Amino acid sequence: MRTFFWLVVLISFSSSADITSKQFFSKPEISSLALSPNGKYLATLNDSDLQQKLLVTDTASGKKVELYKILAKGKKETRIGAFQWLGNKYLAVETTSSKQGINELIDTKRKSDYLIFDLESDIESILTYKIKSRGRIVNPLISDDEYFLFSKPGATSRIYKIRVSKLNMLGKRLAKLERPDGGQMNGKNQLVAIKGVALHWFFALNGEVDSVLYFNRGGKLALSNIENRKLAEEINVWTSYEPLKKKSRRERIKERQEKLKRKRKGRTGHEPETTIDDAEYLSSDRYKYIIPILKASGENRYYAFDFKGQINNEVFLVDYNKASLKSVYKTHAYKILSINKSDDGLLSSVNLIKDGGVQTDYLDEKGNSLAVTDSDELEVSLTKTSDGKTELRYYESFNIPGHYSLVSGENIKTIGYKYPKLNNLKVIRMETGNLNIGQLSVPYILTFPQASEGPLPLIVFPHGGPIGVFDSMYFDLGTQFLNQRGFAVLRVNYRGSGGYTQSYMEAGKKQWGSGILEDIHAVTNHIKQRPDIDEGRVCVAGISYGGYAAAMLNMKYPESYQCGVTVAGVSDVFLTISSTVNNKAQFKWAQEYIANLDEDLQAVREISPINLVEQLDSPLLIMHGEADDVVDVEHAYRLKYALEQSGKTYEWHMFKESGHNFEHESDMAEMFDKMVTFINKHI
Amino acid sequence: MLHFNKAYAEKVILAPAAEFKLPTNLKMNRYGLALIHIDVEGIAPSMEFFRLGTDIDEINGVRFNDKLHSGIRSKSYLIEFKGLPKGYYLFAIPTGTYQIDKVSAPYFNLPYIRTLEDDPRWRFRIYPRSFNYIGYLNIQKERSHNKIDVKWLNRLFKDLGDIEPILSQQDLQLPLKQSFGLYGDFDMENLKQKEGS
C-alpha cells in the first residue's frame with residue numbers, strides 16, 4: 001500500500017513543464033511544523049524573503065487558517081521563531097522583535113515574546129494571549145490542555161505552572177487592578193526555585209521536574225536533583241566549565257607570569273605536550289566533558305554526549321549513583337545529530353549522518369541497533385499523536401521534493417509540500433557508484449534528465465567545503481535545476497567529504513589542490529566513457545570550494561573541460577588561509593587542513609588559480625556576492641585581474657546584495673540562469 | 001607582552017590621499033608612504049601598532065608561525081579615526097614590519113578593545129620610496145555588549161580601480177606595493193609592473 005502511494009506521488013510529479021528559475025529557487029513553503037497532540041491541527045511556518053506566515057490546518061477537513069503574518073521590513077522586523085502545542089487547544093509561538101534599546105548596541109534592540117493562540121476560539125478573531133514575563137516554556141504539559149510550565153531566569157531560577165486562560169490578552173492594556181500574566185508568577189504557582197542560572201531542566205516520565213543542569217552560585221556547572229521544589233544533592237559538578245568573569249589585576253599578572261614560565265619550559269623541552277588516551281580519560285576524569293542531554297529511566301541516569309571530541313559519534317548512559325559510564329551506542333558513521341527516547345524512557349532512535357545523508361537508526365527494546373538501510377529515499381517519523389495511532393512523517397527522494405504526510409495504519413494522507421511549485425518536475429534518473437582511487441573508494445552520484453536522447457552534455461558539480469561537507473542522494477535543488485535544463489550532472493563525494501567515516505574525512509587534509517581535484521577528475525574521466533555522456537561537452541561549475549575546483553580543473557586539465565563556472569570561489573589560497581576574518585583557532589585549523597603558510601608557501605602558490613591562469617584554455621564565468629563574508633569578494637577581483645593580465649577569456653557578474661549563500665531567492669535564480677546560459681553558449 | 005599607554009605612542013596624522021603633500025624634509029630612503037582604505041564609524045575609534053623590525057631584510061625574514069619575543073618592542077604609533085570620512089588616506093612612516101596591536105572603539109564603560117597581540121595576520125610592511133597599500137579597515141558603529149565588529153582585509157585588487165587615479169594625481173613617481181600582512185606571492189608578482197612605473 002505504502003509503495004503504491006509513493007508511486008502515485010511519483011507519477012503526479014512526472015508531468016513535464018518547464019519551471020522558471022524563480023519558481024525553482026523560491027524558499028520552501030513549509031520551513032517548520034508541529035502537530036497537535038490529538039492530531040487535529042497542524043501548524044506550519046512559511047518563511048520567505050517577503051513574509052513569514054503561520055498557518056494552522058484542520059487535518060480532517062484540510063481547511064487552513066492564517067494565524068499570524070509578518071511582512072519583511074528589513075532588520076527591524078518581528079520574526080517568528082519556534083512554536084509548540086500546549087495541549088490540544090493552545091499553540092505557543094515565540095517571536096523576536098526590535099525595540100528602541102540603547103543607541104548602537106545591537107543586543108539591547110531585540111526582545112522575544114511568547115504569543116499563545118486559542119484554536120478553539122472564534123476562527124475569525126482568534127483569542128491571543130501574551131506572556132509578559134521574561135523566560136521560556138520548559139514543558140508544554142501536552143496531556144493538560146490548560147497548563148504549561150514556564151521557567152524564569154535569574155540568579156534564582158524558577159519554574160511556574162501557568163494557566164493559559166489567566167494570561168493577558170495581546171494588544172489589550174492592563175486595567176488598574178490587573179496584573180501581568182494574571183499574577184501567576186508567584187509563590188503559589190511556583191513549582192521549583194533554585195539558586196543558580198538554569199541551562200536545562202530535566203523532567204521525569206510523569207512530567208515532574210526531576211533535575212537541573214545549571215551554573216551554581218560558585219560559578220560551576222552542576223547537575224542537581226530537585227526534591228520538594230528545591231535543589232537536593234548535587235549529582236555532579238563540572239570543574240571544566242566556568243563562566244567568564246572579569247579578572248583582577250593581580251590575577252592577570254599571575255596568569256601572564258605562568259604563561260611565560262610555560263613558554264620557557266616548552267622552549268627547553270621540559271614540558272612536552274601530552275595527550276590523554278580514552279582509557280586514561282575515562283578512568284581519571286570521567287565526567288569532565290560528558291554532559292547529560294536526555295533523562296533516562298531510573299534514578300540519576302542520563303543519556304549524554306561527550307563534548308570533548310569535535311565529532312560526536314557515541315551516546316553514553318551515565319549512572320551517577322553507581323558512578324558508572326557505559327557506551328550504549330556507537331557508530332562509525334560521521335556524526336550523531338540527536339537522540340530520542342521511548343515513552344518508557346529507553347533510548348529508541350538516533351538521528352545521524354551516514355552515507356551522504358541523514359538517517360535514523362532505530363534501536364530495539366534492548367537498545368541494539370536495527371539495520372540502517374542504504375537508500376536514496378529519506379523517510380522520517382517526525383512525531384506521533386498522544387494515542388500513538390497517527391504519525392507525522394516526512395518523505396523526500398532524489399526525484400521527489402519533500403512532503404509531509406499523516407499516517408494512520410495503512411491510511412496515508414499528504415498534508416503539505418515543501419516546494420509546492422515543483423510538483424510538475426520532469427522525472428530524473430540517478431545512478432550512484434564508487435571509483436577506487438589508490439586506497440580510497442570515492443563515491444559519486446550521477447543524475448540525468450529522464451527523457452534524454454543521445455549522449456548528453458555533462459556538468460561536473462563539486463560541492464563546497466571541502467572538509468566535512470557532502471552531497472546526499474536526496475532531493476537537491478541545484479542539481480535538479482541543471483537536470484531539468486537538459487544536462488547530466490555529476491557530483492563527487494571526494495576525499496575529505498563528511499557523511500562517511502572520520503578517516504575518509506581526514507584523507508582530505510592538505511589535499512585542496514591535489515588529491516581532491518584528482519578524485520573529481522578521475523571520476524569525470526570514468527563517467528565520460530559512458531555512451532550516454534558526450535565526452536566533448538563537459539563543463540565544471542561550483543560554489544565556494546566547488547567554484548575553486550571549477551577554476552582549477554579547467555587550468556590543470558584544459559583538454560578535458562570546455563568551460564568553467566566559479567561562484568563565490570577561492571582564487572588565492574594564501575588570502576583564504578591568512579584571512580583576518582577567522583579567529584586564531586580557525587587560522588590554526590586552516591594551516592593544518594589546507595597548508596602551512598611558512599613551510600608550504602610554494603605549494604600554496606601552486607594551488608591558487610590566480611597563479612595558474614596561463615594554463616587556462618577555456619572560457620570562465622566568475623560570479624560573486626559583494627557581501628560575501630566567507631570568501632571575500634577580493635578573490636573574484638584577483639582572478640579577474642590575473643585573467644586580464646594574461647589576456648584570457650572570461651565573463652563576470654557581481655551580485656551587490658548577496659552573501660556567500662545567495663540568500664535572496666531572486667539572486668539565486670539569476671545566478672543559476674546565468675550559469676546555464678553560459679554553459680549552453682560554450683558546450 | 002607590554003601594554004603601553006597612549007600617551008607614549010606617536011600620533012599618526014592621516015591625510016586624504018588626494019590631498020597628501022610629502023613633507024619636504026622626509027628622508028625617502030628611510031620612509032615609505034602607507035596607503036589605508038578606511039570605513040570607520042563610532043565615537044572615537046583608533047588603532048595602535050608598533051614596529052617589529054626596521055630593515056628590509058627583516059621585512060622579508062619574518063615568518064607567520066614565529067612567536068614574537070615578549071618584552072621587545074620599539075616605538076608605538078596611534079591612529080585616531082574620529083571624524084574621518086570613508087576613503088583612502090596616506091601617511092609617511094619609517095620602513096619596517098609593523099604589528100597592529102589593538103583596535104579600539106570606545107563606548108561608555110563597555111569593553112571596546114580588540115587585542116591582536118602578536119597575531120601574525122595583523123601586520124603590514126613599509127618599503128622605502130613606495131606607496132604601501134596596507135589594507136581596508138572597517139569598524140561598524142553598531143556593536144553588542146561584548147563585541148566590536150572590526151574587519152581588516154586585503155582588498156588591493158578590489159580597490160585598485162580607485163587607487164590608481166588617486167595616486168596618478170600625485171606628482172610623486174613612486175611604485176605601488178602590496179604591503180598588507182607578511183607576504184603574498186601573487187601580489188608581489190603582479191605588482192612588479194607597477195613598481196617599475
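This note goes through a predicted model in numbered points, from chain A as a whole to some of its helices and strands.

1. Overall content. Chain A contains 13 helices and 36 strands. Of its 683 residues, 37% are buried. Among the contacts in chain A with a separation of 6 or more, 52% are between residues 24 or more positions apart.

2. Length of helix α13. Helix α13 of chain A covers residues 665–682, which is 18 residues. From its first C-alpha to its last it reaches 26 Å, close to the 26 Å expected at 1.5 Å a residue.

3. Buried face of helix α13. Which residues of α13(A) are buried? They are Asp667(A), Met668(A), Met671(A), Phe672(A), Met675(A), Phe678(A) and Ile679(A). Viewed down the axis of α13(A), these buried residues lie within an arc of 130°, so they line one face of the helix.

4. A four-stranded sheet. Four strands of chain A make an open sheet in the order β18-β19-β20-β21, and their pairing is antiparallel. The edges are β18 (290–295) and β21 (324–330) of chain A; each has a single partner strand, so one side of each is left without a neighbour in the sheet. From one strand to the next, the twist averages 35°.

5. One pair within that sheet. Strand β20 of chain A (residues 314–319) is joined to β21(A) by six bridges, and the two run antiparallel. Here Glu314(A) stands opposite Lys330(A) of β21(A).

6. A hairpin. In chain A, strand β29 (residues 428–437) and strand β30 (residues 440–449) run antiparallel and are joined by ten bridges. Glu431(A) is placed opposite Leu446(A) in β30(A). How many residues lie between β29(A) and β30(A) in the hairpin? There are two residues between them, and Gly438(A) in the turn has a positive phi of about 60°.

7. Two helices in contact. Two packed helices are described by the angle between their axes and the distance between the axes. For helix α7 (residues 515–528) and helix α8 (residues 545–556) of chain A, the axes come within 11 Å and cross at roughly 70°. Angles of 65 to 115 degrees count as roughly perpendicular, and that makes α7(A) roughly perpendicular to α8(A). On the α7(A) side the contact is made by Leu517(A), Ile520(A) and His521(A). On the α8(A) side it is made by Ala549(A), Met552(A), Leu553(A) and Lys556(A).

How values were computed: Residues are numbered from 1 along each chain as its sequence is written. Chains are lettered from A and ligands numbered from 1 in the order in which they are written. This is a predicted model: local features need pLDDT of at least 70, side-chain atom pairs count only at pLDDT 80 or more; totals for chains, interfaces and linings use all residues. A residue is buried if 20 or more other C-beta atoms lie within 10 Å of its own, exposed if 12 or fewer, and partly exposed in between; C-beta atoms are placed from the backbone. Two residues are in contact if their C-beta atoms, placed from the backbone, lie within 7 Å. The expected span of a helix is 1.5 Å times one less than its number of residues. The arc is that of the directions from the helix axis to the C-beta atoms. Two strands pair if DSSP finds at least two bridges between them. Axes are lines fitted to C-alpha atoms, for helices over the stretch in contact, and angles run from 0 to 180 degrees between N-to-C directions. Angles under 35 degrees count as roughly parallel, over 145 as roughly antiparallel, 65 to 115 as roughly perpendicular and the rest as oblique.
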